[in-house]
Amino acid sequence: MMQEKSFQKYFDNYKNIRNEVDAKFNMLHAKHSKYTKCAKGCSDCCMNFSVLPVEFHAILDSIKNKEIQISYPENPNECIFLMQKECGIYHERPVICRSHGLPILHMNNSGDNWELSVCPLNFTTVADDYFIAENCYYQDTFNSKLFMLNREFIQHFDEVKYAENELVELRKLASFLGSD
Ligand code: SF4
């Protein structure tokens, strides 16, 4: 697909954001590791996430020439890349999958308060005041960066006309990989 190649700068910028997320994850995970149970084989966080078009096409660009196994879960909420409880696109998995296990802070829908999300398997022994601003992952920081990048991307992407807030289900990648 020649057209995808001309979007390399967006895909490179996406990977820069992804690297920032990984760096933040590593820093925070080091602080929290004694209170988390995350390990290879735990896939409780995996589901059919929807992502912004720039992320969808960046992942597609990275995996389109690779042999990727896809599962065919009956449940539409399950991720097609989860194989025997392991991620089949681990190195290319989306940003949302890269923060799993951390204490995640995000603004509520009305925009007037922070909400904290944690996996119920983790942090079962910490005190209520354990979570402070410095040891949480601010999801909106990275989502804002992705949103701004996506806004520019969809203005230049002619193959599909995406609306500004449109998201794409990860399982739609299957049709581009010839395994619909
Ligand atoms: S892409 Fe990988 S880590 Fe993300 S939900 Fe799917 S299987 Fe899980």
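**Entry 1: helix H4.** I began with the length of H4, a helix of 18 residues. At 1.5 Å a residue it should span 26 Å, and its end C-alpha atoms are 26 Å apart, so the two agree. For the expected span I took 1.5 Å times one less than the number of residues. I noted that this is a predicted model, in which local features need pLDDT of at least 70 and side-chain atom pairs count only at pLDDT 80 or more, while totals for chains, interfaces and linings use all residues. Residues are numbered from 1 along each chain as its sequence is written.

My helices (H or I, at least four residues) and strands (E, at least two) are DSSP runs, numbered from the N terminus. H4 covers residues 139-156.

Next I asked which residues of H4 are buried. They are Leu-146, Leu-149, Asn-150 and Phe-153. I call a residue buried if 20 or more other C-beta atoms lie within 10 Å of its own, exposed if 12 or fewer, and partly exposed in between, with C-beta atoms placed from the backbone. The cover over the buried residues of H4 includes H2 and H3.

**Entry 2: helix H2.** I then turned to H2, residues 8-32. Its 25 residues reach 35 Å from first C-alpha to last, close to the 36 Å expected at 1.5 Å a residue. Here the buried residues are Tyr-10, Phe-11, Tyr-14, Ile-17, Arg-18, Val-21 and His-32. H3 and H4 are among what covers them.

**Entry 3: how the helices pack.** Two packed helices are described by the angle between their axes and the distance between the axes. My axes are lines fitted to C-alpha atoms, for helices over the stretch in contact, and angles run from 0 to 180 degrees between N-to-C directions. Angles under 35 degrees count as roughly parallel, over 145 as roughly antiparallel, 65 to 115 as roughly perpendicular and the rest as oblique.

I looked at H2 with H4: they pack at an angle of about 180°, with axes 11 Å apart. That makes H2 roughly antiparallel to H4. From H2, Tyr-10, Asn-13, Tyr-14, Ile-17, Glu-20 and Val-21 meet Phe-142, Lys-145, Leu-146, Leu-149 and Phe-153 of H4. I count two residues as in contact if their C-beta atoms, placed from the backbone, lie within 7 Å. By class, this contact has eight nonpolar, one polar and two charged residues. Ala, Val, Leu, Ile, Met, Phe, Trp, Tyr, Cys and Pro count as nonpolar, Asp, Glu, Lys and Arg as charged, and the others, Gly among them, as polar.

At what angle do H3 and H4 pack? I found about 80°, with the axes 8 Å apart. H3 is therefore roughly perpendicular to H4. Pro-53, Val-54 and Glu-55 of H3 make the contact with Leu-146, Leu-149, Asn-150, Phe-153 and Ile-154 of H4. That contact holds six nonpolar, one polar and one charged residue.

For H2 and H3 (residues 53-63), the axes come within 9 Å and cross at roughly 100°. These two are therefore roughly perpendicular as well. H2 brings Tyr-10, Phe-11 and Tyr-14, and H3 brings Val-54, Glu-55, Ala-58 and Asp-61.

**Entry 4: the ligand.** Which residues surround the ligand? I listed Cys-46, Met-47, Phe-49, Cys-79, Phe-81, Leu-82, Cys-87, Ile-89, Arg-93 and Cys-97. (Near means a C-beta atom, placed from the backbone, within 6 Å.) The shell has nine nonpolar, no polar and one charged residue.

Entry 5: Thr-36 is in the loop between H2 and strand E1 (50-51). Thr-36 counts as partly exposed because it has 18 C-beta neighbours inside 10 Å. Thr-36 and Cys-119 are 83 residues apart in sequence, yet 8.8 Å apart in space, C-alpha to C-alpha.

Entry 6: Most residues other than glycine have a negative phi. Gln-84, not a glycine, has a positive phi of about 45°, and Lys-85 has one of about 65°. Gln-84 sits in the loop between strand E2 (82-83) and strand E3 (86-87). Gln-84 is exposed, with 9 other C-beta atoms within 10 Å.
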